[in-house]
Amino acid sequence: MKKVLSVLLSAILLLTSLTAGLTAVAADDETNFAVASDLHYVVPTEELEGVIEDEIYWYANRRAAMENESSFIIDEFLNQCAADEECEFVLLSGDLVDDGKSIHQQHVDMAAKLKAFEEKSGKPVYVIPGNHDYGVDCATNIEDFVRVYADFGYNEALTVDEGTGSYTDLNDDYRLIALDSCDPSKSTEDGMTADKLAWVYESAKQAKEDGKYPILMMHHNLLDHLPLQRLLSRNFIVKFHYTTATLFADWGIKLVFTGHEHCSDAATYTSPLGNVIYDFATTSLTMYPLQYRAFTLTDDEISYEARTVDKIDTDALTATTAGFSQEQVDLMNAGLNDYAKGFLKAGVQYRLGKGFKMEEMGIAEDAFYYDLVETAVGGLVKILEEPLYGEGGIQELAAEYNIDIPDSEYKNGWDIVTELVSWHYAGSEPYDLFSRDIVIFLRLVSLLLKDDLATVSDEVFLEAANKLFAYLGTDSIVRDITKLGASVFGGVTSAELFLLALVSPLIAAFIADDDGVDDNNGTIPGYGTVNFRSNIDNVIDNIINILKSVIETLSDMVKILSRIFIA
């Protein structure tokens, strides 16, 4: 019954919006501000524990967040905003701290930083909670959050949504709708409800009546920032996201600022009525690429750029936390962003590598399929860990299956996998489906299909037969047959090609950005450009873009089938 009521309410709100006339009057001047997200502040430890002196990134964690450095990264970000004469205010779209649910002191420290910034610069800060910031029966609940951050949006709010962390505020031209998208009883997933949608509608309507343009800030993503994000990463995007995006767009909201996914990505959606909405997901400030966004809004256009925190006070860092090596400090001083990228790649490898362990997968030794899975996972790890080039390297192994791995600067499979992941976080991915790096990656997948499955067959299914043939001078059966077939018929079977062709659009969507909106630096039409003619043009463009996307997807599949894996 609740779902039916929710759908009916959404339909009523949509129909109402058609006659609401939510286009505001023209803005008088330009508005400049900074947007950051997922600061994940952590109180620095007094000393690093478990130091491994011969490794740079030994302390990388599964989230690849620079925890002990976070306080100093945030300080530098605020210093940059204070020094920027054009920046009028700062928006922070959630996850202000890392352990807010269990360590309330983190919020106290974070609020102190923001207060010092406001007093120093005279520029206001507006916050919204994220899933790390509060919860039910936690050290910090929503009332605690609002109380600690009272000076950063709540005390001066025009309206509030009681019982949540939502409020409205801002300047003479724009109305900020700060929406608490979290579910306090859940770990990461959103808490969007019909009541929250109704509050957004009323806030947008009131903005129009007051002659303001509505912009919205929330923690969870509104649009896909991964291919099929609703399926693959469902806890990071709001439920019924296209329905919600349609409502927001038709209520006059053009700009939405989000975080949570920790990627720098700009996505756009056009409603059936031709209203365009943009979701700017901003990456975590304290993990690679250490970025935030700077926006300039006028009536005619909205321009934006990504800015990087590329230095911190390492003297203050080492005075606070002992255990950093001189080499680490020197690398940070030479280029903090490069250091953060190495830290990210080490963290991603740590997270994925840990997931490949049998105990992490929950497979007991007495399971009948234990040997099968262990052999398969071992083959995968081998292809990722062993040198990509040189004598006995993966390139030579691939050649035995008639698979050509192009030369590159990558050291091993992990190196290229983590490189691709790092570009997802950084945004503005420089790849297409047929670039060298993607070809290497896909051919490693092809090798995995060949060698790993053949190894599983040899070591598990035909172990006894292999022992007999080994006695006769042949080391393996399936691998030899597979290599022979590859030498005659090519590196990949038709079935494998078809499978890879099917998934190639997903890979393309992950490694390339072709929606016409640059992730990090660009210009889009301003709020004042919305009119009947522009909406008609948008509807036509939307239809054309959908058709182009279908054609390009089919074309990519055909290209994959015809050439990419032909050595």
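Residues are numbered from 1 along each chain as its sequence is written, and side-chain values use heavy atoms, with hydrogens and water left out. As the model is predicted, local features need pLDDT of at least 70 and side-chain atom pairs count only at pLDDT 80 or more, whereas totals for chains, interfaces and linings use all residues.

The chain holds 19 helices and 13 strands, these being DSSP runs numbered from the N terminus (helices H or I with at least four residues, strands E with at least two). Of the 567 residues in the chain, 53% are buried, where buried means under 20% relative accessible area, exposed over 50% and partly exposed in between, with a 1.4 Å probe and protein chains only. Among contacts with a separation of 6 or more, 74% are made by residues 24 or more positions apart, contact meaning heavy atoms within 4.5 Å.

Strand 11 (residues 291-297) has seven of its seven residues buried, so it is largely enclosed by the rest of the structure. Gln 291, Arg 293, Phe 295 and Leu 297 point one way from the strand, while Tyr 292, Ala 294 and Thr 296 point the other way, and all are buried.

| Strands | Bridges and sense |
|---|---|
| Strand 1 (residues 31-36) and strand 11 | Five bridges, antiparallel |
| Strand 11 and strand 12 (residues 301-308) | Seven bridges, antiparallel |
| Strand 9 and strand 10 (residues 276-281) | Six bridges, antiparallel |

Within these pairings, Thr 31 stands opposite Leu 297 in strand 11, and Phe 295 has Tyr 304 of strand 12 as its bridge partner. Strand 11 and strand 12 form a hairpin, with three residues between them.

**Helix 2 against helix 3**

The axes of helix 2 (residues 67-83) and helix 3 (residues 104-121) come within 10 Å and cross at roughly 20°. That makes helix 2 roughly parallel to helix 3, a term for angles under 35 degrees. The residues in contact include Ile 74 and Leu 78 of helix 2 and Leu 114 and Phe 117 of helix 3. By class, this contact has seven nonpolar, three polar and three charged residues; Ala, Val, Leu, Ile, Met, Phe, Trp, Tyr, Cys and Pro count as nonpolar, Asp, Glu, Lys and Arg as charged, and the others, Gly among them, as polar.

**Asp 95**

Asp 95 lies in the loop between strand 2 (89-92) and helix 3, and at 1% relative accessibility it counts as buried. Not counting residues up to four places away in sequence, Asp 95 touches Asp 38, Leu 39, His 40, Pro 129, Gly 130, Asn 131, His 132, Asp 133 and His 219. Asp 95 and Val 127 are 32 residues apart in sequence and 9.6 Å apart in space, C-alpha to C-alpha.

Methods:
Axes fitted to C-alpha atoms, helices over the stretch in contact; angles between N-to-C directions. Parallel < 35°, antiparallel > 145°, perpendicular 65-115°, else oblique. Pairing = 2+ DSSP bridges.
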